[in-house]
Amino acid sequence: MSAKPFEFLFIKNTENPKSLWFLAIFFFAFTPLALGIDSVAVAIHFDSGRIITNFLAVFYFGLMFYSADGLLRQLMLHMVWLSYVGELIFCEGLDMYHYRTPGIPLYVPFGHAIVYASGYVWAHQNWAKQHESNLRKVFGVVFFGAFLVAGIVLNDIFTLIFGLLFFALLKRKRWQNLYYFIAVCVVFIELVGTYLGCWTWARQIFNLIPAANPPIGAVFFYAGGDVLLAKIVQKAHPKSI
């Protein structure tokens with residue numbers, strides 16, 4: 001047999017743009033619902049909430065994966081294992097944040113893939129392409145303002161530092177709006193997750209840099225991971241990108 005491992009995942013064309021667009025929009029309702037089930041408030045009365053959240057995340061991932069084209073499927077699959085490695089480094093290794101209970105929940109790496117796919121879908125809509133220049137300006141002003149306010153008002157020095165690095169990274173990537181759209185999804189899920197107590201960021205990152213909970217400057221690490229993801233997929237599947 002000449003078929004490559006997992007090639008079957010990309011053979012059957014089940015792409016459904018309308019379904020994928022709906023899932024990208026519904027991401028903003030799905031996130032508080034799924035994380036709410038794993039929240040501190042629910043865990044006090046129901047200790048099996050995480051099992052449900054794990055199932056919902058994998059199920060939602062499956063729906064997006066089934067509706068996506070071959071390229072996005074590859075990006076989502078690689079994002080699962082890549083984000084898990086990132087969790088091991090930043091959560092378990094560097095102790096930048098910790099989850100409600102010890103260990104990394106199953107829904108987290110699948111959640112990262114959902115976040116990425118949602119931002120990806122938003123960025124590839126026709127209206128986003130038509131207004132690319134204006135959106136880039138709006139995103140730039142909003143994120144710069146958010147980083148500045150977090151740094152000054154919340155003494156979030158971590159965000160000031162890594163917010164600047166986020167812009168430096170975007171400059172290298174020619175200010176692609178893809179990274180802004182993904183960053184919006186990242187900030188949303190970080191605000192929801194920390195508010196519900198699903199995870200908590202350290203008050204001093206690396207035991208040195210003051211940070212808010214959550215520090216929105218963390219989008220730099222997500223953006224860096226997204227860049228690495230694209231390189232991995234390009235290397236593994238050179239004809240897809």
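Here are some questions and answers about the pockets and aromatic pairs of this predicted model.

Reader: Happy to start with the open spaces. What is the volume of the largest pocket, and which residues are the closest to its centre?

Author: Let's take the space first: the largest pocket holds about 720 Å³. Its lining is made up of 37 residues. The closest to the centre are Ser83, Glu87, Val108, His112 and Tyr222.

Reader: Which element gives the largest share of that lining of the largest pocket?

Author: Several elements supply at least two residues each, including α2 (17-37), α4 (49-67), α6 (107-123) and the strands β1 (97-99) and β2 (199-201). The largest share is eight residues, and the element that gives it is α5.

Reader: How many residues in the lining of the largest pocket are charged?

Author: By class, 26 residues of this lining are nonpolar and eight are polar. The charged residues in the lining of the largest pocket number three.

Reader: And the second largest pocket: which element gives the largest share of its lining?

Author: This pocket has a volume of about 490 Å³. Its lining counts 21 residues, with Tyr120, His124, Gln176, Leu178 and Tyr179 the closest to the centre. Elements giving two or more residues are α5, α6, α7 (126-130), α10 and α11. The largest share, five residues, comes from α11.

Reader: How many residues of the lining of the second largest pocket are charged?

Author: Here 12 residues are nonpolar and four are polar. The charged residues in this lining number five.

Reader: Turning to the rings, is the pair of Phe143 and Phe166 stacked or tilted?

Author: The model has 36 aromatic pairs. For Phe143 and Phe166, the ring centres are 5.8 Å apart and the planes stand at 40°. Planes under 30 degrees apart would count as stacked and those over 60 as edge-to-face.

Reader: Where do Phe143 and Phe166 sit, and are they buried or exposed?

Author: Phe143 is in helix α8 (residues 132-153) and Phe166 in helix α9 (residues 157-172), 23 residues apart. Buried means under 20% relative accessible area. Phe143 has 7% and Phe166 has 0%, so both count as buried.

Reader: Phe158 and Phe221 also form a pair; is Phe221 buried or partly exposed?

Author: Their rings are stacked, 6.0 Å centre to centre with 10° between the planes. Because Phe158 lies in helix α9 and Phe221 in helix α11, the pair ties together parts 63 residues apart in sequence. Phe158, at 0% relative accessibility, is buried. Phe221, at 22%, counts as partly exposed.

Definitions and conventions: Residues are numbered from 1 along each chain as its sequence is written. This is a predicted model: local features need pLDDT of at least 70, side-chain atom pairs count only at pLDDT 80 or more; totals for chains, interfaces and linings use all residues. Side-chain values use heavy atoms; hydrogens and water are left out. On a 1 Å grid over the protein atoms alone, a cavity is a set of points where a 1.4 Å probe fits but cannot get out, and a pocket is an open set with protein on both sides within 12 Å along at least five of seven lines; lining residues have an atom within 4 Å of a point. Grid points are joined across faces, edges and corners, and a volume is the space filled by probe spheres set on the points. Helices (H or I, at least four residues) and strands (E, at least two) are DSSP runs, numbered from the N terminus. Ala, Val, Leu, Ile, Met, Phe, Trp, Tyr, Cys and Pro count as nonpolar, Asp, Glu, Lys and Arg as charged, and the others, Gly among them, as polar. Rings of Phe, Tyr and Trp (its six-membered ring) pair if their centres lie within 6.5 Å; planes under 30 degrees apart count as stacked, over 60 as edge-to-face and the rest as tilted. Buried means under 20% relative accessible area, exposed over 50%, partly exposed in between (1.4 Å probe, protein chains only).
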